[in-house]
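Work through the exercises below with the sequence and the coordinates at hand. Each task is followed by a solution that goes step by step.

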Amino acid sequence: MNNVTETPVLSHLQDKAIRAHNWTSFSPEKRGEQMIKDYSEELTADIEELQKDENISAETIADYKNRYERLFSSYLGAKSNTFSAMITGPANFNTRRHTKANRSEERHYDIFREWRIRAKKAIVRKAQPVKTFVSELDRYRAELAIMQANQIKTKEGNKVIAKAKKTGEDITQYLADTFNVQSHMMDWVKKFGFNTVNNNANMKRVEARIKELEVKESRREESPFINYTFEGGTMVVNYEADRIQIMFATRPNKDELNAWKAKGLNSFNWSPTANAWQRKITANAMWTVKHMLPNLIKL
């Protein structure tokens, strides 16, 4: 975490932080100043982390900063109501009020800290490019190319190992430099070589996925969106987004939604962005839709 050398970003809350320790510490000024320093460093680090992602806007970061400050301030407000018998004295100590104040402080703290974790994850997630089957196709092709290169490299390594067994050549440095084989695994690799069976299986899996995505790409070029209307809504086979999407004309009530989920909608996820229930286009998804809407289309 970076040290804050300039005025702490939360310095405007320093008086409130000092008051938060008035009845729990013999050194409220020192405790308050340290608290402002610590949380300012955390907020500054959060902002710097978010700024590294060029897809996150300055407005989003400013909103995060403002929300952080408000929740921190609320926490300080709750903390200022707490007190200690060591400071106030044991006479007429209100145990019930003390317990209530501590619970309030704990609740405000938990809300503040849990929000920070969720907010950062949500901001980063929303900033990611929309994943489509086109981008997935590029990713799998690149992954396959790496696998193929590694397979060639591994086979060459096995040839070197087999030859060394016959000649007695020391290939320790070669294995360490070329394959990053660690010392505790060196004897094993020299004896058994590298397993290429799993590599072949993984390549076949990726190749099958590429073929599936290439079919979807062809369909996307022919017709990116195929719309089907049913009573109460619309189903879209969205090849552009690689999603089957179900959109209702009006929001189903609880009983209606449960009935749809019983038919298969429970395998779909609600997307606020698309305003639809959706799932990836797969053979299983097509089968589910066919049984959800048997009179709509022969998929």
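The model is predicted, so local features need pLDDT of at least 70 and side-chain atom pairs count only at pLDDT 80 or more, whereas totals for chains, interfaces and linings use all residues. Residues are numbered from 1 along each chain as its sequence is written, and side-chain values use heavy atoms, with hydrogens and water left out.

**Exercise 1. Aromatic rings**

Task: Classify the pair formed by Phe 179 and Phe 194, and state which parts of the chain the pair ties together.

Solution: Begin with the criterion, by which rings of Phe, Tyr and Trp (its six-membered ring) pair if their centres lie within 6.5 Å, with planes under 30 degrees apart counted as stacked, over 60 as edge-to-face and the rest as tilted. By this rule the count comes to 14 aromatic pairs. For Phe 179 and Phe 194 the centres are 4.5 Å apart and the planes make an angle of 35°, which gives a tilted pair.

Phe 179 lies in helix H7 (residues 172-179) and Phe 194 in the loop between helix H8 (183-192) and helix H9 (197-222), so the pair ties together parts that are 15 residues apart in sequence. Finally, Phe 179 counts as buried at 19% relative accessibility, where buried means under 20% relative accessible area, exposed over 50% and partly exposed in between (1.4 Å probe, protein chains only).

**Exercise 2. The nonpolar cores**

Solution: A nonpolar core is a set of buried Ala, Val, Leu, Ile, Met, Phe, Trp, Tyr and Cys residues joined through side-chain atoms within 4.5 Å. The largest such core has 23 residues, and those that touch the most other members include Tyr 39, Tyr 68, Phe 72 and Phe 112. A second, separate core of 19 residues includes Val 237, Phe 248, Trp 260 and Ala 285.

**Exercise 3. Salt bridges**

Solution: A salt bridge is a side-chain nitrogen of Lys or Arg within 4 Å of a carboxyl oxygen of Asp or Glu, and a search of the whole structure finds 16 of them. The side chains of Arg 116 and Glu 42 meet at 3.6 Å, N to O. Arg 116 lies in helix H5 and Glu 42 in helix H2, so this pair ties together parts that are 74 residues apart in sequence. Both Arg 116 and Glu 42 are buried. The two residues also belong to a network of salt bridges with Asp 46, Glu 49, Arg 113 and Lys 120.

**Exercise 4. Bridges within one helix**

Task: Which residue forms a salt bridge with Arg 139 at 3.7 Å, and how is Arg 139 placed relative to Glu 136?

Solution: Glu 143 forms the bridge to Arg 139 in which the closest N and O atoms are 3.7 Å apart, and these two are four residues apart in helix H6, separated by about one helical turn. Arg 139 also meets Glu 136 in a salt bridge at 3.1 Å, N to O. Arg 139 and Glu 136 are three residues apart in helix H6 (residues 133-167), again separated by about one helical turn. As for accessibility, Arg 139 is partly exposed at 39%, Glu 143 is partly exposed at 23%, and Glu 136 is buried at 6%.
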